[in-house]
Amino acid sequence: MDFKQIVSHCKEYGFIFQSSEIYDGLAAVYDYGPYGVELKNNIKNYWWKSMTQLHDNIVGIDSAIFMHPKTWKASGHVDAFNDPMIDNKDSKKRYRADVLIEEYMDKLDAKVEKELKKAAKRFGESFDAAMYKETNPRVQSYLEKKDAIAARLAQAMTDGNMEELKAMIIDLEIACPVSGSRNWTDVRQFNLMFSTQLGNIAGEEGKLYLRPETAQGIFVNFLNVQKTTRQKLPFGIAQIGKAFRNEIVARQFIFRMREFEQMEMQFFVAPGTEMEWYNYWKDMRLKWHHAVTPAEKLRFHDHDNLAHYANAAVDIQFQFPFGFKELEGIHSRTDFDLSQHQELSGKKLQYFDPERNENYVPYVVETSIGCDRMFLTMISNCLMEETVPDADGKESKRIVFKVPAALAPVKVAVLPLLKNKEALTEKARAVHQLLNVHFPCQYDEKDAIGRRYRRQDAIGTPYCITIDFDTLEDNTVTIRERDSLQQERVGIDQLVEKIAPKVSMAGLLAKVLE
Ligand code: ATP
C-alpha cells in the first residue's frame, strides 16, 4: 500500500487521528484512537518486557517530564540541541538545511535505482546488479557525487558550519519545493526545545523545558536506582515516556512529531568495556526487531557525524514507504552525561567497583527508539491489500493488517452467523464472555459474515470465531485464521488453550532469545 493509503487507513479504522482535528489540526501532533492505543500499548509492553523481564539487571523508572533547568544546561541541550534552518524568501517556507541536502542525495539514489531497473530489463536474467553498479560510468558518477556530498555534509554538521551548509545548497542548486526559487536566507541554528514558565518565579530563572529526550531522567536518577536496587555494574535503567521537540520540518505523518514517545534504556558499564556492550546491544536490538519485521527491511547505518557526547553511534533503519530512515539509535555515550551532571550539581555520581576496588563515573551505552516510529513500522510493513477467494469461490480484494498476533489490538472476534436468531446471538455472547477475561475480544453481529471478517482483517484481529447452528448442537465453533484464511472446527472448551499460546507476549519474547 502506498503511504497515502496507509495514512487514510489509520484514520478510517480508528488508529490515529490528527490532533484537534475540528480546528483543522495542529501540525505534527497526533492522537491515537481506540485500536491505535491498543497497538501502541502492546508495542510498549513488548519493549518493556524485553528489557526488564529478559534481563535481571535492567529495571524501569517513570521520571517526570519537567526537570530542573540545569539538567538541560549539563546535557548540552541548551547550547547544542539545534537544527540548521533556512527560509525560502519567496514561499516563506522554513526547511532544515541538512534535510534539503539529504533529500538531494535521495534523488541521486533514485537515479541509480532507475538505471539499475532499466539495465535489468535490458539484460534479463543474466543481469548482475552489483557488478553493474561498480562498472557503469553513469551509475558510478551518481554514486561518487553522492559520497562527496555526504562527506561535505558530515564535515559541515560536525563543525557546526552554517555558511558551508548554505554554500552547499547554492552549489547543488537546490530549489524550494514550494516556490521553485533559490532565493534563500542564511542558515541559522534553531534550538528544538519547547520552553514554558514556572508559576511562582518570573523571568529566565523560572524557565522550564519540556524534556526533548527521556534519557536525562535516567541519568539524574542513576544513584537513586543503583542504591535502592543494589545493582552491580553492568546494569540498565529503562523508561518509556513523552518527549517534545520543536521540529522545523514536521512531515511524514507520525515519523516526525513535535510530541512523541520514546522507549530508552541506559546501560551503565565499567569504562573500557563500552564497545563490548555497544556490540551486545546492537545485536540484541536487531533480534528484537527481527522477531516482528523481516530482516531485508532493516539495516544498520553508522553515524556520519557523532553527537557531542558519543564515541560510537549507529542507527537501525527501517524501509519506510519514503525510504530507509532511522527507527532506533544505539549510542555509546561515554561518561559525558554523568560527568556533566556531577559537575553542575556538585553531587558525586560515582560507583564503587568492588572488583577493581575503585570509584569511577560509569560509561553508558543507550538504546533509544521512538514508539511512534515503531508503530509506523508495524503499520507500513504489515498493512496490505491482497486478492483472496470468496465464500462463493470467486476472487475478492481485502485489506489486511498482518501484525504479529501478540501486538494485535484485538485478539479474537466472536461472530454469530446470523443476527436475528436469538439462540445464536445468545450463544455467541456467552462465548465472548468466556474469552474476554483472557484476551481483548470483540463481539460483532452487524452485517453479513463476509463483511464482518473484512472489518476484523482491517484492524488485524488474528482469530475470528463463528457461532452457527452446529454450535447449538455440539458446542463446537469455526475458528478462522487471519493470514492463511484456514478454518477449523474446535470445541468451545478448547478455545482458550488453542488461542492463548498463539497471541501471547511470551511467544514473541522467546523469539527474541532464539
Ligand atoms: P532524527 O535524525 O530523525 O531527527 P534523532 O537522531 O534526532 O532523529 P534521537 O535523538 O536519536 O533521534 O532520538 C531517538 C529516537 O527517538 C529516534 O530513533 C526516533 O525513533 C525517535 N524520535 C526522535 N525524534 C522524533 C520525532 N520528532 N518524532 C517521532 N520520533 C522521534
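Leu508 is buried, with a relative accessible area of 6%; buried means under 20% relative accessible area, exposed over 50%, and partly exposed in between, with a 1.4 Å probe and protein chains only. This is a predicted model, in which local features need pLDDT of at least 70 and side-chain atom pairs count only at pLDDT 80 or more, while totals for chains, interfaces and linings use all residues. Residues are numbered from 1 along each chain as its sequence is written, and side-chain values use heavy atoms, with hydrogens and water left out.

**Leu508 and its surroundings**

- You will find Leu508 in helix 18 (residues 505-513); helices (H or I, at least four residues) and strands (E, at least two) are DSSP runs, numbered from the N terminus.
- Which residues does Leu508 touch, leaving aside its neighbours within four places in sequence? Leu508 is in contact with Tyr46, Ala291, Val292, Ala406 and Leu407, where contact means heavy atoms within 4.5 Å.
- One of these, Val292, is 216 residues from Leu508 in sequence, yet their C-alpha atoms are 8.1 Å apart in space.

**Domains**

- The domain assignment of the protein chain gives domain 1 (37-65 + 214-401), domain 2 (82-189) and domain 3 (404-513); such bounds come from an automatic or database domain assignment.
- Taken over C-alpha atoms, the centres of domain 1 and domain 2 are separated by 29 Å.
- Where these two domains meet, eight residues of domain 1 are in contact with 11 residues of domain 2.
- About 720 Å² is buried between domain 1 and domain 2, and carbon and sulfur atoms give 54% of that area. Buried area is the accessible area (1.4 Å probe) that two parts lose on being put together, summed over both.
- On the domain 1 side, Ile248, Val249 and Asn305 lose the most area to domain 2, together 61% of what that side buries.

**Aromatic rings and charges**

- A pair of aromatic rings is described by the distance of the centres and the angle of the planes.
- Rings of Phe, Tyr and Trp (its six-membered ring) pair if their centres lie within 6.5 Å; planes under 30 degrees apart count as stacked, over 60 as edge-to-face and the rest as tilted.
- How many aromatic pairs does this rule give? The count comes to 25.
- Phe320 and Phe322 form a stacked pair, because their ring centres are 5.5 Å apart and their planes are at 5°.
- Phe320 is buried, at a relative accessible area of 2%.
- Ring pairs join Phe3, Tyr30, Phe253, Phe255, Phe318, Phe320 and Phe322 into a cluster.
- The charged end of Lys282 sits over the ring of Phe300, 4.8 Å from the ring centre. A charge sits over a ring if NZ of Lys or CZ of Arg is within 6 Å of the ring centre and within 35 degrees of the ring normal.
- Likewise, the charged end of Arg285 sits over the ring of Trp288, 4.3 Å from the ring centre.

**Backbone details**

- Most residues other than glycine have a negative phi, and most peptide bonds are trans.
- Phe253 has a positive phi near 60° and is not a glycine. Phe253 lies in the loop between strand 9 and strand 10 (259-269), and counts as buried at 9% relative accessibility.
- Ser20 also has a positive phi, of about 45°, although Ser20 is not a glycine. Ser20 sits in the loop between strand 1 (16-18) and strand 2 (30-32), and is partly exposed at 34% relative accessibility.
- The peptide bond from Leu233 to Pro234 is cis, with omega near -5°. Pro234 belongs to the loop between helix 10 (222-229) and strand 9 (235-244).

**A strand hairpin**

- Strand 22 (residues 476-481) and strand 23 (residues 487-491) run antiparallel and are joined by five bridges; two strands pair if DSSP finds at least two bridges between them.
- Which residue in strand 23 is the bridge partner of Thr478? The partner is Arg489.
- Five residues lie between the strands of this hairpin, where Leu485 takes a positive phi near 65°.

**A buried lysine**

- Is Lys44 buried or exposed? Lys44 counts as buried, at 18% relative accessibility.
- Lys44 lies in helix 2 (residues 34-52).
- Not counting residues up to four places away in sequence, Lys44 touches Ile240, Glu261, Met263 and Cys371.
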